[in-house]
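Take a first look at the fold below.

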Amino acid sequence: GYIPSFVDAETRAATTNKAKGNLLSLMALIKLQQGGRSDSLVKGALASSSDGETLLNAGDYYTKTGAHQNAFESYQKIVWHTPENTAAAGKMKAAYQAWQKGLDGFEKHLAELDEHWRTEMTKRLKKEIINVKSPEFVSSLVDLNGQPVAKEAFSNKILVLDFWATWCVPCMQEMPYLQKVYDQFKADSNVQFLVINSGAKNTLADAQGWWGNKRYSFPVYYNTDLMIGEKLGFNVIPAVYIIDQSGNIRFKTIGFEGPAIERMIGAAINLLKAPTL
């Protein structure tokens, strides 16, 4: 690829090494396809770069040559940095199973990855934390029976707001992850989830007839205030806001972030529950 002449030396070297790693690992796969093999090409690729594409090619090479431990380690490095890569996670599991002749001990590796992801997400959130007084919004909410919501039910609690609409594809993609994090905290009386149909091109009847009401168990509400997006500061959904016990917005995410949203919400709740933030 083309590298602009004005980039710094570090960026130039990193870009060149990545391209080299990609190329060498791809050459190794091509040679394997042609009936030969070249472990030295893969080693050279990994020595040049540990980017996702190089690691994926290396993992595939090792899988095809029966070096399952090496394949597992390559895929594991991808998942370590990009937990959203479900394809690499699946290959990591398969490589481990082929290497160990079963899945005994695999849960330990998953636990290590999960702890790493949560630590990294917590670091990220500490940099992104805000402290803005939330506008009043509860008075515009009704439950799926059309009954107004009592403000007192949400006082002095950590609130997780998720704004969505039935026509919003990213919103639907987010729901399974929202359910998972809801399941983690549903027994905690100090945490309240409000999954709110924003009312954008939706009626209460749309919210009532949504198929997700039969699939998910988190509480669903309908918003009657057409200005809610302007008040809270969003014009794209899904939009997630996490409000602390004092009624201040501390975290927000506009748009779908993929599986990371589950870790983001969980880490944010735990941060707000900590004695000192």
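The paragraphs below go from the sheet to the helices and then to single residues.

This is a predicted model, in which local features need pLDDT of at least 70 and side-chain atom pairs count only at pLDDT 80 or more, while totals for chains, interfaces and linings use all residues. Residues are numbered from 1 along each chain as its sequence is written, and side-chain values use heavy atoms, with hydrogens and water left out.

Seven strands make up an open sheet with mixed pairing, in the order 1-7-6-3-4-5-2. Strand 1 (132-133) and strand 2 (141-142) are at the edges; each has a single partner strand, so one side of each lacks a neighbour in the sheet. Two terms need explaining here. Strands (E, at least two residues) and helices (H or I, at least four) are DSSP runs, numbered from the N terminus. Two strands pair if DSSP finds at least two bridges between them.

Now follow strand 5. Strand 5 (residues 220-223) pairs with strand 4 (residues 191-197) in the parallel sense, over three bridges. Opposite tyrosine 221 in strand 5 stands isoleucine 196. Strand 2 runs antiparallel to strand 5, and two bridges join them. There, valine 142 has tyrosine 222 of strand 5 as its bridge partner. Where do the side chains of strand 5 point? Val220 and Tyr222 point one way, Tyr221 and Asn223 the other way, and all are buried. Buried means under 20% relative accessible area, exposed means over 50%, and partly exposed is in between (1.4 Å probe, protein chains only).

Next, find helix 11. Helix 11 lies across strand 3 (158-164), strand 4, strand 6 (239-243) and strand 7 (248-254). Helix 11 runs at about 170 degrees to strand 7. Axes are lines fitted to C-alpha atoms, for helices over the stretch in contact, and angles run from 0 to 180 degrees between N-to-C directions.

Helix 11 also meets another helix. Two packed helices are described by the angle between their axes and the distance between the axes. The axes of helix 6 (residues 106-128) and helix 11 (residues 260-273) come within 9 Å and cross at roughly 65 degrees. That makes helix 6 roughly perpendicular to helix 11; the term covers angles of 65 to 115 degrees. Which residues of the two helices meet? Helix 6 brings Trp117, Met121, Thr122, Leu125 and Lys126. Helix 11 brings Ala260, Arg263, Met264, Ala267, Ala268 and Leu271. Contact means heavy atoms within 4.5 Å. The residues of this contact divide into eight nonpolar, one polar and two charged. Ala, Val, Leu, Ile, Met, Phe, Trp, Tyr, Cys and Pro count as nonpolar, Asp, Glu, Lys and Arg as charged, and the others, Gly among them, as polar.

Finally, some single residues. The peptide bond from isoleucine 237 to proline 238 is cis, with omega near 5 degrees. Proline 238 sits in the loop between helix 10 (228-232) and strand 6.

Lysine 101 is not a glycine, yet its phi is positive, near 60 degrees. Its place is the loop between helix 5 (86-100) and helix 6. Lysine 101 counts as exposed, at 75% relative accessibility. Lysine 201 has a positive phi too, of about 60 degrees. Lysine 201 is in the loop between strand 4 and helix 8 (204-208).

Is threonine 54 buried or exposed? Threonine 54 has a relative accessible area of 0%, so it is buried. Threonine 54 lies in helix 3 (residues 52-64).

Methods. Parallel < 35°, antiparallel > 145°, perpendicular 65-115°, else oblique.
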